[in-house]
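Student: I would like to learn how to read the features of a structure like this one, and I would be glad of a general idea before each case.

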Amino acid sequence: MMQPPIETELLSSELPDIEAPHGALPEAVVQGRSPYQLAWLRLRRDRVAMVSAGTIIFVILLALLAPLIAHLTGHGVNEQFHHIGETPDGAPKGPNHIFWLGTDDQGRDLLVRAAYGARVSLLAGLIASAVAVVVGTVVGLSAGYLGRAIDTVLSRIMDIVLSLPYLLFAIALVAIVGPSLKIAIAVIAFFSWASVARIVRGQVLTLREREFVEAARSLGASSRRIMFVDVLPNVLAQIVVLASLLIPSAIVFEATLSFLGLGVPPPTPSWGNMISGSENYYEAWWFLLVPSLLLLITTLAFNLFGDAVRDAFDPRGEMLGNRGKE
Amino acid sequence: MTAQSDQPGPSEDVLLRISDVRKYFPIRSGSLFRRDAGSVRAVDGVSLEVRRGETLGLVGETGCGKSTLARCITRLYDLTSGSVVFDGQDISTLNAREMRPVRSNVQMIFQDPYGSLNPRRRVGSIIGDPFAIHGTASGADRKRQVQELMELVGLNPEHYNRFPAEFSGGQRQRIGVARALALRPKLIVCDEPVSALDVSIQAQVINLLADLQREFNLTYIFIAHDLSVVRHVSDRVAVMYLGKVVELSAADDLYEHPRHPYTGALLSAVPIADPDLSDSRERIILVGDVPSPTNPPSGCRFHPRCPKARHRCVEDDPALEPQFVDPADHTAACHFPVADGEDLAAARPQLAAADRADDAVDPDLSVLHGSES
């Protein structure tokens with residue numbers, strides 16, 4: 001499938017091709033590039049995209065290398081250093097040569113905890129958005145393509161989910177089953193898929209009227225095949241954009257839940273519960289700043305990268321995925 | 001696309017027989033509580049036979065139901081009523097699964113070479129689709145077959161991995177032809193296959209279709225609104241007006257002896273390359289648009305626009321039957337058919353005021369076509 005088309009170009013001039021519009025032109029000019037290859041090339045030239053991609057990679061490395069950081073500093077993630085990590089009256093200590101980013105109220109190393117917190121944030125963000133995108137895409141495709149009663153039922157479900165107060169829902173759920181990362185991810189995914197489904201459905205509604213869908217039907221293709229082979233590739237660009245914008249909102253969502261004590265239960269660190277823990281220590285600016293700043297640059301980088309992906313897919317500068325219209 | 005030398009009998013070797021096919025599209029109003037507010041009668045009682053190996057041309061104005069009829073034959077639409085018998089099998093009531101084996105025998109070429117190819121998929125997989133869907137070939141075998149097809153329709157097989165956007169309109173239509181041909185169908189319904197192409201490219205695609213017909217003994221239903229194209233390719237021609245066939249004949253006979261005033265008007269609109277001849281010819285200008293198929297005119301549907309309309313045309317729907325001394329296979333649905341040499345341009349309708357008022361009674365029509373009636 002993905003053979004380089006270079007030899008192709010040389011051969012095409014030898015064959016009598018009446019309609020070839022490039023008979024006399026140098027053949028190397030024409031090169032088969034998929035819309036994704038073109039988008040990738042545009043993305044590569046976008047400086048903001050590359051800087052935010054670098055930031056994202058930095059955060060991912062931070063998360064992956066968290067055990068290494070803990071090993072190098074010799075500070076366990078939940079290890080409390082009451083003597084060296086706290087002031088005599090039990091307050092956090094600022095950044096110094098032992099604790100590079102300072103300590104928290106229990107004398108734990110903020111650097112190590114921030115790195116482990118990145119794991120939680122990224123895990124929640126990526127898994128929840130992945131689930132939301134997959135569910136939303138399948139639901140949106142089904143509603144848009146199959147139509148009729150299926151569309152009515154699925155669309156009403158989307159309306160209901162979108163109108164639910166998510167925080168109340170999350171608080172109520174946690175009250176019943178207790179806080180955990182799994183529950184947090186489930187809640188985030190549950191409240192994110194509907195917006196994906198709605199946008200995908202809208203796209204599919206226009207695509208299903210196109211002649212190539214009719215052509216596939218006249219060949220005897222099943223509805224499932226048409227949905228996934230013919231229609232899906234045409235909404236994939238929008239889905240990629242949606243996913244890249246969903247990740248930061250899922251990360252913030254997880255931080256919110258953890259901040260409220262509805263996400264990852266302590267002592268497991270997450271940026272949200274680290275911010276929450278810093279509430280009572282106004283004078284210890286590093287305690288609040290480290291997790292907040294990490295959260296900020298991560299979501300900012302994902303958002304900017306998502307915007308860049310959107311621009312890369314649309315050379316005319318139009319809005320993809322109907323954001324802002326909703 | 002050559003005229004057949006040995007004329008088969010009327011019932012002999014019929015590949016496709018459609019009887020009294022109707023397709024009504026319901027018009028619904030209200031978003032929450034839907035109710036039917038009439039229907040668009042896109043195809044309203046069409047009966048045709050298509051013989052094996054022939055090309056049946058289907059002409060008519062935009063909106064006369066040609067494409068809808070094509071989609072009824074290929075069962076992209078479910079019929080409202082009537083039957084479609086293909087190769088001895090009634091396919092009008094088959095469900096999607098039962099249709100699958102039939103689909104490999106009835107294929108379609110679409111009008112828009114830009115819309116009918118999936119822009120996100122490579123040409124090789126588009127043409128390979130029929131093999132994938134029917135599970136007849138896979139892997140390297142499929143690729144080989146697709147490349148053979150590409151060569152057959154005059155495409156460079158090395159362009160297997162390109163996207164449709166990298167081809168010209170004519171090349172794209174060749175891709176559509178290759179896809180339709182992949183399963184070696186018996187019948188191909190060509191829905192205005194050249195309307196969207198440049199004139200020079202039209203000839204290439206038409207010649208390609210003719211070559212393929214000879215090579216694979218294909219039967220075509222060829223839809224077009226360009227009468228000169230249809231004459232060139234067709235053995236027989238059916239003229240449609242507002243969901244009905246108004247005249248059906250061998251191609252040359254139709255062009256030389258048009259019987260229905262609508263056919264006459266259509267033919268007079270065909271451009272003639274010779275300016276002297278063109279000047280001397282009378283053009284019959286039809287007034288108004290095709291009436292709304294939601295509520296078609298009574299009697300003969302053409303009567304509000306017909307230069308020869310009489311009182312009987314308003315009341316009585318004419319049957320499709322041979323006129324004058326025409327051969328049995330030249331039928332026209334007209335009470336007052338056009339005789340050879342008759343000057344249609346000079347004809348004036350003779351309708352009583354009451355007949356015209358009849359047309360205006362219909363509230364839909366008086367709103368939509370108020371100025372005409």
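**Reading burial, strands, helices and confidence**

Student: Does B:Glu192 count as buried or exposed?

Tutor: B:Glu192 counts as buried because 21 C-beta neighbours lie inside 10 Å, and 20 or more is the cut-off for that class. Please keep in mind throughout that this is a predicted model. B:Glu192 is found in the loop between β7 (187-191) and α6 (199-216) of chain B, and although this residue is not a glycine, its phi is positive, at about 50°.

Student: Where does B:Asp20 lie, and what is its phi?

Tutor: B:Asp20 also has a positive phi, near 50°, in a residue other than glycine, but its place is in strand β1 (residues 14-29) of chain B. B:Asp20 is exposed, because 12 other C-beta atoms lie within 10 Å. For an exposed residue in chain A, take A:Arg45, which belongs to helix α2 (residues 35-45) of that chain and counts as exposed because it has 9 C-beta neighbours inside 10 Å. A:Arg45 and A:Leu61 are 16 residues apart in sequence, while their C-alpha atoms are 24 Å apart in space.

Student: In which order do the strands of the open sheet in chain B run?

Tutor: The general idea is that strands of a sheet pair through backbone hydrogen bonds, in either a parallel or an antiparallel way. Here 8 strands of chain B form an open sheet with mixed pairing, in the order β6-β7-β8-β3-β9-β10-β12-β11. Its edge strands, each of which pairs on one side only, are β6 (106-109) and β11 (321-322) of chain B. Helix α5 (residues 169-181) of chain B lies across β6 and β7 of that chain, and runs at about 175° to β6(B).

Student: How many bridges join β9 (residues 236-241) of chain B to β10(B)?

Tutor: There are 6 bridges between β9(B) and β10(B), and the two run antiparallel; in this pairing B:Ala238 stands opposite B:Leu248. The two strands form a hairpin with 2 residues between them, and B:Leu242 in the turn has a positive phi of about 50°. Strand β3 (residues 55-59) of chain B, in contrast, runs parallel to β9(B) and is joined to it by 4 bridges, with B:Leu56 opposite B:Arg236. β10(B) also pairs antiparallel with strand β12 (residues 331-332) of chain B through 2 bridges, where B:Ala332 is the bridge partner of B:Glu247. Strand β10 (residues 244-250) of chain B has 7 of its 7 residues buried, so it is largely enclosed by the rest of the structure.

Student: How many helices and strands has chain A?

Tutor: Chain A has 12 helices and 0 strands, and of its 326 residues 45% count as buried. Just after α5(A) comes A:Gly147, with a positive phi of about 65°.

Student: Which residues touch the most other members of the largest nonpolar core?

Tutor: In soluble globular proteins, nonpolar side chains tend to be buried together. The largest nonpolar core here has 178 residues, and those touching the most other members include A:Ile188, B:Ala178 and B:Phe222. Helix α10 (residues 223-259) of chain A gives the most to this core, with 19 residues. Leaving aside residues up to four places away in sequence, A:Ile188 touches A:Ala124, A:Ala128, A:Ala250, A:Phe253 and A:Glu254.

Student: Where in chain B is confidence lowest, and where is it highest?

Tutor: Where pLDDT is low, the predicted coordinates should not be read in detail. The mean pLDDT of chain B is 83, and 87% of its residues reach 70 or more. Confidence there is lowest in helix α13 (residues 363-368), at a mean of 41, and highest in strand β8 (residues 219-223), at 93. Residues 1-10 of chain B have pLDDT below 50, and this stretch has 9 contacts in the model beyond near neighbours in sequence. Residues 360-373 of chain B also stay under 50, with 21 contacts beyond four places in sequence. The model as a whole scores ipTM 0.80 and pTM 0.77.

Methods. Residues numbered from 1 in each chain as written. Chains lettered and ligands numbered in written order. Predicted model: local features only at pLDDT ≥ 70, side-chain atom pairs only at ≥ 80, totals over all residues. Core = buried A, V, L, I, M, F, W, Y, C linked by C-beta atoms within 7 Å. Contact = placed C-beta atoms within 7 Å. pLDDT = per-residue confidence, 0-100. Pairing = 2+ DSSP bridges. Axes fitted to C-alpha atoms, helices over the stretch in contact; angles between N-to-C directions.
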